[in-house]
Amino acid sequence: MIQKFIELGEGYTDLYELVELGRRMPERIQHVLAFYSEKSGRPAASLALIMKPDIEQKFQPIYICREGIPNPHEVPNQRFQLFKSMADAAGKSVVEYTVKPSSVFPENELFYNYLIGILRTHKKLSPLS
């Protein structure tokens, strides 16, 4: 099975698309995630949705807004509350991780491989077949 991050963007407005995905397909959400790091010396959060695999078990998307909002534990913000409300409505809790920032990786793909390793270690991704 292919498990891949699909980046919606880094901006504040991209989060609204992520929330809308969760609202429209709550039955497909497997996990709701928040990755905390620092971006340019400021606390940042990457918010993500792991969706259940497709019907043929060949692809599992992970939608993410990378380092787009402040870490809500450092700087409370409405965007994180909106994300959390979507998770609550879907019957999911936000699983939180502290990770290295994407800026320490020469390519975003390496950053996403790092996150996939963390998620596999914590058994948050469907088993590979």
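Okay, some ground rules. The model is predicted, so to speak of local features we ask for pLDDT of at least 70, side-chain atom pairs count only at pLDDT 80 or more, and totals for chains, interfaces and linings use all residues. Residues are numbered from 1 along each chain as its sequence is written, and side-chain values use heavy atoms, with hydrogens and water left out.

How confident is the predictor? pLDDT is its confidence in each residue, from 0 to 100. The chain averages 94, and 99% of the residues score at least 70.

Now the fold. You'll find three helices and five strands, following the pattern β-α-β-β-β-α-β-α along the sequence.

On to overall dimensions. The C-alpha trace spans about 40 × 35 × 25 Å along its principal axes. For 129 residues, a compact globule would have a radius of gyration near 14 Å, and the chain agrees, with 14 Å. That radius is taken over C-alpha atoms, and the globule rule is 2.2 Å times the number of residues to the power 0.38.

Of the 129 residues, 48% are buried, meaning under 20% relative accessible area with a 1.4 Å probe and protein chains only; exposed is over 50%, and partly exposed lies in between.

Let's turn to the rings. How many aromatic pairs does the structure hold? Seven. Rings of Phe, Tyr and Trp (its six-membered ring) pair if their centres lie within 6.5 Å; planes under 30 degrees apart are stacked, over 60 edge-to-face, and the rest tilted.

Take Phe 35 and Tyr 97, a stacked pair at 5.7 Å centre to centre, with 20° between the planes. Phe 35 sits in strand S2 (residues 29-39) and Tyr 97 in strand S5 (residues 94-98), so this pair ties together parts 62 residues apart in sequence. Phe 35 counts as buried because its relative accessibility is 0%. Tyr 97 is buried too, at 10% relative accessible area.

Then there's Phe 105 with Phe 111, which is tilted: 5.8 Å between centres and 55° between planes. Both of these residues are buried. They also belong to one aromatic cluster, along with Phe 5, Tyr 112 and Tyr 114.

Note on methods
Helices (H or I, at least four residues) and strands (E, at least two) are DSSP runs, numbered from the N terminus. pLDDT is the predictor's confidence in each residue, from 0 to 100.
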